[in-house]
Amino acid sequence: MSPMTVFKALPTFELCEAGQSPWLDYLGRELLETGTLETWIREKGVMGVTSNPSIFDKAISQSGGFYEPDIRRFFRKGASTFEVYDALTISDITRACDLFLPVFQKTAGEHGFVSLEVSPDLAYQTEATVREARRLFKTIARPNLMIKIPATPEGIPAVAAAIAEGINVNITLIFSLKHYQDVAAAYLDGLARFKARKGSLEQVHSVASVFVSRLDTLLDRKLEAMAAKTADPLAGSRLLELRGKAAIANSKIIYREFKKIFGSEKFRTLRESGAQLQKVLWGSTSTKNPAYQDLIYVENLIGPATVN
């Protein structure tokens, strides 16, 4: 069923019509306990949630007491700090998955995902990342769960291994074209390996999370430094005109590559066996520079098979 059919009366209809899924970049127990997340799914057309340890740090420390009883109970039992964090996040993610499950089912698995990140301590350990992804995916046991794995040199082979086991993966911290190409190749490799194991490809889902605004944050400073050093006012002015341009340009180059890879014969063969597109997710799309329009990284990156 088309997401337009499911959400046609909601404010996000135009995004759905363009093929883009709006995900919430936050999850906290207050959203679950107060029914706010359920309302946003039903009335605002939110189609997924992504999380990470920083988000949960903020949620737990600023929750207004929603986590306090569980935290005290776990520590009284002698749990370690990680064990407390693990239990709290698994509980929240499981509840969120259940809230989004009707969206997942009504859209035949195209929308309704919730992401949980492996521990950052494992970012440079391939085998440990795969073990943790396997543990979290098995523990939560929801078809609309995505395990978030960073696209480090050690994380990318972990992505292929996780996909090869039928684990849904959100690959995060992608910044460049080469970076994206490696991630997409890992996804295709994982699918081929899963197919060879007689796995059901239509059950495997993935997104490639490309970070956007942070690129401008970095390059704008470099452009300003270069402009300050040049003795030619015209050259300096031209350098400054390039501010705020690199991130969107980089994203469009990556999206062009996405269309090329997933329009290739290699993917078509997998598609015939039920493989899903690995959508591009635009991450870090809030405006960091107050001089830029609030939606500069949103309006310029709306397109089919994307998430924001």
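In the predicted model, one aromatic cluster is formed by Tyr187, Tyr255, Phe258, Phe262 and Phe267. Eight aromatic pairs are counted, and one of them joins Tyr187 to Phe262 in a tilted arrangement, with 6.2 Å from centre to centre and 45° between the planes. This pair links distant parts of the chain, since Tyr187 belongs to helix H10 (residues 177-196) whereas Phe262 lies in the loop between helix H13 (246-261) and helix H14 (265-271), 75 residues apart. Tyr187 and Phe262 are both buried.

The two helices H10 and H13 pack at an angle of about 30°, and their axes are 10 Å apart. Because angles under 35 degrees count as roughly parallel, H10 and H13 are roughly parallel to each other, and H10 passes H13 in a right-handed crossing. On the side of H10 the contact involves Leu177, Tyr180, Gln181, Ala184 and Leu188, which meet Asn250, Ile253, Ile254, Glu257, Phe258 and Ile261 in H13. The residues of this contact of H10 with H13 divide into eight nonpolar, two polar and one charged.

From H9, the residues Ile156, Val159, Ala160, Ala161 and Ile163 take part, and in H10 they meet His179, Asp182, Val183, Ala186, Tyr187, Asp189, Gly190, Leu191, Arg193 and Phe194. The residues of the contact of H9 with H10 divide into ten nonpolar, two polar and three charged.

The contact brings Phe82, Asp86, Ile90, Ile93, Thr94 and Cys97 in H7 together with Glu132, Arg135, Leu136, Thr139 and Ile140 in H8. Sorted by type, the residues of the contact of H7 with H8 divide into six nonpolar, two polar and three charged.

Two of the residues that meet H7, Glu132 and Leu136, are also touched by Val118, a residue of the loop between E4 and H8. Val118 counts as buried, at 1% relative accessibility. Beyond residues up to four places away in sequence, Val118 touches Thr129, Glu132, Ala133, Leu136, Ile147, Lys148 and Pro150. The C-alpha atom of Val118 is separated by 39 Å from that of Leu240, which lies 122 residues apart from Val118 along the chain.

Lys148 and Pro150 are likewise in contact with Thr172, which has its place in strand E6 (residues 169-174). Thr172 is buried, with a relative accessible area of 4%. When neighbours within four places in sequence are left aside, the contacts of Thr172 are Glu117, Lys148, Ile149, Pro150, Ala151, Ser209 and Phe211.

Backbone geometry and loop positions were also examined. Most residues other than glycine have a negative phi. Ala108, although not a glycine, has a positive phi of about 55°, and Ala108 is found in the loop between H7 and strand E4 (113-117). A positive phi of about 55° is likewise assigned to Ser284, which is not a glycine either and which lies in the loop between strand E8 (278-283) and helix H15 (296-299).

Another loop residue, Lys245, is found between helix H12 (233-241) and H13. At 47% relative accessibility, Lys245 counts as partly exposed. Lys245 and Arg214 are 31 residues apart in sequence, and their C-alpha atoms are 12 Å apart in space.

Technical notes. Residues are numbered from 1 along each chain as its sequence is written. This is a predicted model: local features need pLDDT of at least 70, side-chain atom pairs count only at pLDDT 80 or more; totals for chains, interfaces and linings use all residues. Side-chain values use heavy atoms; hydrogens and water are left out. Contact means heavy atoms within 4.5 Å. Helices (H or I, at least four residues) and strands (E, at least two) are DSSP runs, numbered from the N terminus. Ala, Val, Leu, Ile, Met, Phe, Trp, Tyr, Cys and Pro count as nonpolar, Asp, Glu, Lys and Arg as charged, and the others, Gly among them, as polar. Rings of Phe, Tyr and Trp (its six-membered ring) pair if their centres lie within 6.5 Å; planes under 30 degrees apart count as stacked, over 60 as edge-to-face and the rest as tilted. Buried means under 20% relative accessible area, exposed over 50%, partly exposed in between (1.4 Å probe, protein chains only). Axes are lines fitted to C-alpha atoms, for helices over the stretch in contact, and angles run from 0 to 180 degrees between N-to-C directions. Angles under 35 degrees count as roughly parallel, over 145 as roughly antiparallel, 65 to 115 as roughly perpendicular and the rest as oblique. A crossing is left-handed if the near helix is turned anticlockwise from the far one by less than a right angle, and right-handed if clockwise.
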